[in-house]
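Please keep the sequence and the model in view while reading.

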Amino acid sequence: MIRVALADDHEIVRHGIKMVLEDDPEIQVIWEASDGQEAVEKMDSNTPDVLVVDIRMPLMTGLEVTRQLKKNNQEVKIIVLTMHDDSEYIVKALEYGADGYLLKDTNKAEFNKAVHMVNNGQKYFSGDISTTIVDFYRNGGPRPGNGPEPSGSNSEDYQLTKRERQILKLIYEGVSNKDVAETLGKSVRTIETHRFNIMKKLEVNNITELLKKVEREGLDKML
């Protein structure tokens with residue numbers, strides 16, 4: 001039996017992930033955490049075979065959880081499960097020692113396969129993620145350690161990732177979610193999640209406010 005723990009700040013998401021995993025008779029979810037700090041604390045008293053973490057969580061991000069846990073114990077096995085396919089996040093996850101990186105639109109078969117492989121001491125990165133890693137370095141991207149750290153704070157560029165800037169540019173140009181998804185080869189759901197994160201970072205409530213802020217602050221120049 002593979003003992004798995006889940007860390008995600010959305011209860012309904014955790015419930016869905018648990019159902020998917022426990023459909024496999026060889027996997028059991030032993031506990032859940034709603035933020036990064038809670039996950040670290042529970043790991044001290046009840047260490048699972050595999051920890052599945054989201055990136056954006058209160059108090060401590062999934063990447064921070066990965067870094068801290070791996071620093072204390074390299075044997076801890078961690079899979080990052082997220083909607084973020086930005087190369088900066090992926091490279092950070094690699095740098096901090098993540099054993100796997102999957103997107104939340106991954107199908108059940110691949111998810112369970114990843115858990116089994118990581119539990120057996122192997123690494124697992126889905127095909128799209130592996131391609132992103134190769135392309136990132138081939139195109140001269142920074143080596144691990146030089147990418148931005150995801151956080152809840154804003155700076156002049158509002159901590160937008162490369163992918164978020166790319167999507168914001170398309171939104172600013174009037175491209176629909178469906179067309180953005182087709183252009184980038186992603187699902188509409190993934191694009192909607194990115195758009196929600198962009199609006200949250202820019203502290204706006206709708207597309208009209210978003211476009212006005214882009215024009216008012218000259219953000220279009222950084223896209």
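## Helices H8 and H9

H8 and H9 are roughly perpendicular to each other, a term that applies to angles of 65 to 115 degrees, whereas angles under 35 degrees count as roughly parallel, over 145 as roughly antiparallel, and the rest as oblique. Their axes come within 8 Å and cross at roughly 110°, where axes are lines fitted to C-alpha atoms, for helices over the stretch in contact, and angles run from 0 to 180 degrees between N-to-C directions. The contact, meaning heavy atoms within 4.5 Å, is made by Asn177, Lys178, Val180, Ala181 and Leu184 of H8 and by Val188, Ile191, Glu192 and Arg195 of H9.

The model is predicted, with local features needing pLDDT of at least 70 and side-chain atom pairs counting only at pLDDT 80 or more, while totals for chains, interfaces and linings use all residues. Residues are numbered from 1 along each chain as its sequence is written, and side-chain values use heavy atoms, with hydrogens and water left out. Helices (H or I, at least four residues) and strands (E, at least two) are DSSP runs, numbered from the N terminus.

After H9 comes Glu203, whose phi is positive, near 60°.

Arg165 has its place in helix H7 and, at 24% relative accessibility, counts as partly exposed. The C-alpha atoms of Arg165 and His194 are separated by 9.9 Å, although these residues lie 29 residues apart along the chain. If neighbours within four places in sequence are left aside, Arg165 is in contact with Leu160, Met222 and Leu223.

## The sheet

Which strands form the open sheet, and in what order? Six strands form it, in the order E2-E1-E3-E4-E5-E6, and the pairing is parallel. E2 and strand E6 (124-125) stand at the edges, each with a single partner strand, so one side of each is left without a neighbour in the sheet. Two strands pair if DSSP finds at least two bridges between them, and the table gives the bridges for four of the pairs.

| Parallel pair | Bridges |
|---|---|
| E1 and E2 | six bridges |
| E1 and E3 | four bridges |
| E3 and E4 | three bridges |
| E4 and E5 | four bridges |

Strand E1 (residues 2-7) is largely enclosed by the rest of the structure, because five of its six residues are buried. The chain crosses from E1 through helix H1 (residues 11-22) to E2, and this β-α-β crossover is right-handed, meaning that, with the strands pointing away from the viewer, the path from the first strand over the helix to the second runs clockwise. Arg3 has Gln28 in E2 as its bridge partner, while Leu6 has Val52 in E3.

Within strand E2 lies Val29, which counts as buried at 9% relative accessibility. Beyond its neighbours within four places in sequence, Val29 is in contact with Val4, Leu6, Lys18, Leu21 and Glu22; Lys18 is eleven residues away in sequence and 6.5 Å away in space, C-alpha to C-alpha.

Both faces of E3 are covered, with Val50 and Val52 on one side and Leu51 and Val53 on the other all buried. Leu51 has Ile78 in E4 as its bridge partner, and Ile79 stands opposite Gly100 in E5. Helix H3 (residues 62-72) lies across E3 and E4 and runs at about 155° to E3, and E3, H3 and E4 together make a right-handed β-α-β unit.

Note on methods:
Buried < 20%, exposed > 50% of the residue type's maximum accessible area, 1.4 Å probe, protein only.
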